[in-house]
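Hello,

Here is the structure I said I would pass on. My notes on salt bridges and helix packing follow below it.

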Amino acid sequence: MTTRFAILGAGRIGQVHASTLGATTGAALVAVADAVESAARVVAETHGCEIRTIEAIEGAPDVDAVVICTPTDTHADLIERFCRAGKAVFCEKPVDLEAARARQVMQTVATTGGRLMVGFQRRFDPDFRALKAVIDRGEIGEVEMVHLISRDPGAPPHDYIRRSGGIFQDMTIHDFDVARWLLGEEVETVMAQASVLTDGDIEKLGDYDSANVLLRTSSGKLCTISNSRRASYGYDQRIEVHGSLGAVSAGNHRQADIELATGSGYTRPPLLDFFMTRYTAAYAAEMTAFVAALSEGGPMPTTGEDGVRALELAEAALASVRTGAEVRVGEEVPA
């Protein structure tokens, strides 16, 4: 069975998913929609699909599923719209800028019998999956502490930041999802601090560019997260998990996995410097998993509920920064 797709949003992540669909067995890209015609044209000409409006795709009998890559503040409405239209939906994170609205979306998905997968590609990274497999086999015993480092080479454009919801909902949300995945328990409390250290204009936009977060589960398991919008040495993505019997870690990816030794010392090639190159394999595996879930009728690997839970952690982290206190996940905190 071939699942026929349309891409909504032809920006850089839309282009990544378009390329991935072209290489995924059982998938065919038939249409693309974007408010910027030139962006849609790039995808259409590269992958041989049609440019259509969102309205046309909504009612198209030759489209089985959509991949939502539009700005964050459009996600919730589009998920509901296409679930009601009977299309399966893959949506880039986050589901919405507010957890309460995301919960409403989940009700719509359930009412319509919709099929929704949320894009948390890090769960599909080969190294991270190998690390998780070690945990699942019990090789490090019971997980006790998780440490996540996620630092970007540079901040996104200011126009993007304005619509992103902020560092916790846009960037740290990936770490929140990975934390839940590795801890194996829901997070009970969040303590966070954040600053503007790299670009004063980010503060004018009401956001932060540097953050540390501490998560604690009800059983006492801990996770620390370190985020920065500036890493002068490349795209820094590391995980360490400490357990009762040992530890397991996953390191950075470099432009080549070599080491040079000379009279001047030891040197290694630089890190990869862009998320789309670092996570190329993860994006491919993610879409393959979505197509397989649709064709086999199985559960979605990353669900709308995963999206809601990550959003709740993002909101708790922001509340902690603003109040300077530990926040219990889901509790109401004065603005």
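Arg-229 counts as buried, because its relative accessibility is 3% and the cut-off for buried is under 20%. Please keep in mind that this is a predicted model. Arg-229 forms a salt bridge with Asp-170, and their closest N and O atoms are 3.0 Å apart. The two partners come from distant parts of the chain, 59 residues apart: Arg-229 is in the loop between β10 (222–228) and β11, while Asp-170 is in helix α8. Asp-170 is buried as well, with a relative accessible area of 6%.

Other salt bridges

The whole structure contains 29 salt bridges. Side chains of opposite charge can pair when their charged atoms come close.

Asp-236 pairs with Arg-151, with 3.3 Å between the closest N and O atoms.

Lys-132 and Asp-136 make a salt bridge in which the closest N and O atoms are 2.9 Å apart. Both residues sit in helix α6 (residues 126–136), four residues apart, which is about one turn of the helix.

A network of salt bridges links Arg-123, Asp-177, Arg-180, Glu-186 and Asp-306.

Helix packing

Two packed helices are described by the angle between their axes and the distance between the axes.

Helix α8 (residues 167–183) and helix α12 (residues 304–323) have axes that come within 8 Å and cross at roughly 120 degrees. With that angle, α8 is oblique to α12. The crossing of the two is right-handed. On the α8 side the contact is made by Phe-168, Gln-169, Ile-173, Phe-176, Asp-177 and Arg-180; they meet Asp-306, Arg-309, Ala-310, Leu-311, Leu-313, Ala-314, Ala-317, Leu-318 and Val-321 in α12. Sorted by class, this contact has 10 nonpolar, one polar and four charged residues. Asp-177, Arg-180 and Asp-306, which are among the residues of this contact, are also part of the salt-bridge network above.

What angle do helix α4 and helix α5 make? Helix α4 (residues 75–84) and helix α5 (residues 99–112) pack at about 5 degrees, and their axes are 9 Å apart. At that angle α4 is roughly parallel to α5. The residues of α4 in this contact are Ala-76, Asp-77, Ile-79, Glu-80, Cys-83 and Arg-84, and they meet Arg-101, Gln-104, Val-105, Thr-108, Val-109 and Thr-112 in α5. By class, the contact of α4 with α5 divides into five nonpolar, three polar and four charged residues.

One more contact

Ala-289 is in helix α11 (residues 280–296). Leaving out residues up to four places away in sequence, Ala-289 touches Phe-124 and Pro-301. Ala-289 and Phe-124 are 165 residues apart in sequence, with 8.9 Å between their C-alpha atoms.

Regards

Notes:
Residues numbered from 1 in each chain as written. Predicted model: local features only at pLDDT ≥ 70, side-chain atom pairs only at ≥ 80, totals over all residues. Heavy atoms only, no water. Axes fitted to C-alpha atoms, helices over the stretch in contact; angles between N-to-C directions. Parallel < 35°, antiparallel > 145°, perpendicular 65-115°, else oblique. Left-handed = near helix turned anticlockwise from the far one by under 90°. Contact = heavy atoms within 4.5 Å. Nonpolar A, V, L, I, M, F, W, Y, C, P; charged D, E, K, R; others polar. Salt bridge = Lys/Arg side-chain N within 4 Å of Asp/Glu carboxyl O. Buried < 20%, exposed > 50% of the residue type's maximum accessible area, 1.4 Å probe, protein only.
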